[in-house]
Amino acid sequence: MTGLGDLFPEEMREGFALRNLIPGAVIRMFVPDTTPPKTKLIIVVAIEDEHILAATLFINSEVNPDVISSPELQALQLKLFAAKYDFLKHDSFIDCSA
């Protein structure tokens with residue numbers, strides 16, 4: 001699938017990423033290692049420039065009891081209210097268990 005970014009030269013895309021991928025940024029991206037693979041909202045927690053690494057957290061539309069089954073893991077799900085955040089279509093949860 002071709003995205004809007006494919007219409008811009010590589011150096012413009014790199015500059016955009018460097019300016020916008022900062023701790024606290026929320027991005028929407030395709031995640032191939034979820035089951036099933038899908039587009040998710042992700043919070044950038046930290047950036048390590050030297051090795052081009054980023055720490056991220058998923059935003060989920062609901063808490064999956066098959067994955068988040070223990071009370072300890074459930075306590076690590078932070079509820080976000082759609083009325084407070086323009087990027088959310090409905091109330092969601094930050095998974096802080098990873």
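How much space lies in the second largest pocket? About 320 Å³ of space lies there, and the sections below place this pocket within the rest of the chain.

## The model and its chain

This is a predicted model, in which local features need pLDDT of at least 70 and side-chain atom pairs count only at pLDDT 80 or more, while totals for chains, interfaces and linings use all residues. Residues are numbered from 1 along each chain as its sequence is written, and side-chain values use heavy atoms, with hydrogens and water left out.

The protein chain has 2 helices and 5 strands, where helices (H or I, at least four residues) and strands (E, at least two) are DSSP runs numbered from the N terminus. Read from the N terminus on, these elements follow the order α-β-β-β-α-β-β. The C-alpha trace of the protein chain spans about 45 × 30 × 30 Å along its principal axes. Of the 98 residues in the protein chain, 20% are buried; buried means under 20% relative accessible area, exposed means over 50%, and partly exposed lies in between (1.4 Å probe, protein chains only).

## The largest pocket

About 820 Å³ of space belongs to the largest pocket. A pocket is an open set of points, on a 1 Å grid over the protein atoms alone, where a 1.4 Å probe fits and which has protein on both sides within 12 Å along at least five of seven lines; its lining residues have an atom within 4 Å of a point. Its volume is the space filled by probe spheres set on the points, which are joined across faces, edges and corners.

Lining the largest pocket are 23 residues, and R13, A17, L18, L21 and I27 lie nearest its centre. Two or more lining residues come from each of α1, β1 (26-31), β2 (38-48) and β3 (53-60), and α1 gives the most, with 7 residues. Sorted by class, this lining holds 15 nonpolar, 2 polar and 6 charged residues, where Ala, Val, Leu, Ile, Met, Phe, Trp, Tyr, Cys and Pro count as nonpolar, Asp, Glu, Lys and Arg as charged, and the others, Gly among them, as polar.

## The second largest pocket

The second largest pocket is lined by 14 residues, among which K38, K40, N60, N64 and V67 lie nearest its centre. The elements that give two or more residues to this lining are β2 and β3. By class, the lining of the second largest pocket divides into 4 nonpolar, 6 polar and 4 charged residues.

One of the residues nearest the centre of this pocket, N64, is 10 residues from Q74 along the chain, and their C-alpha atoms are separated by 9.5 Å. Q74 itself lies in helix α2 (residues 71-74) and counts as partly exposed, at 40% relative accessibility.

## Other local features

A46 is found in strand β2 and is partly exposed, with a relative accessible area of 34%. Although A46 and I22 are 24 residues apart in sequence, their C-alpha atoms are 7.2 Å apart in space. In the loop between β1 and β2 lies P36, which is joined to T35 by a cis peptide bond with omega at about -10°.

F8 lies in the segment before α1 (10-20) and is partly exposed, with a relative accessible area of 40%. Together with L7 and M12, F8 forms a nonpolar patch on the surface, with about 330 Å² of accessible area in total. Patches are made of residues with over 30% relative accessible area and no salt bridge, with like charges joined within 9 Å and nonpolar side chains (Val, Leu, Ile, Met, Phe, Trp, Tyr) within 5 Å; a salt bridge is a side-chain nitrogen of Lys or Arg within 4 Å of a carboxyl oxygen of Asp or Glu. Accessible areas come from the Shrake-Rupley method with a 1.4 Å probe, and for residues only the protein chains shown count as cover.
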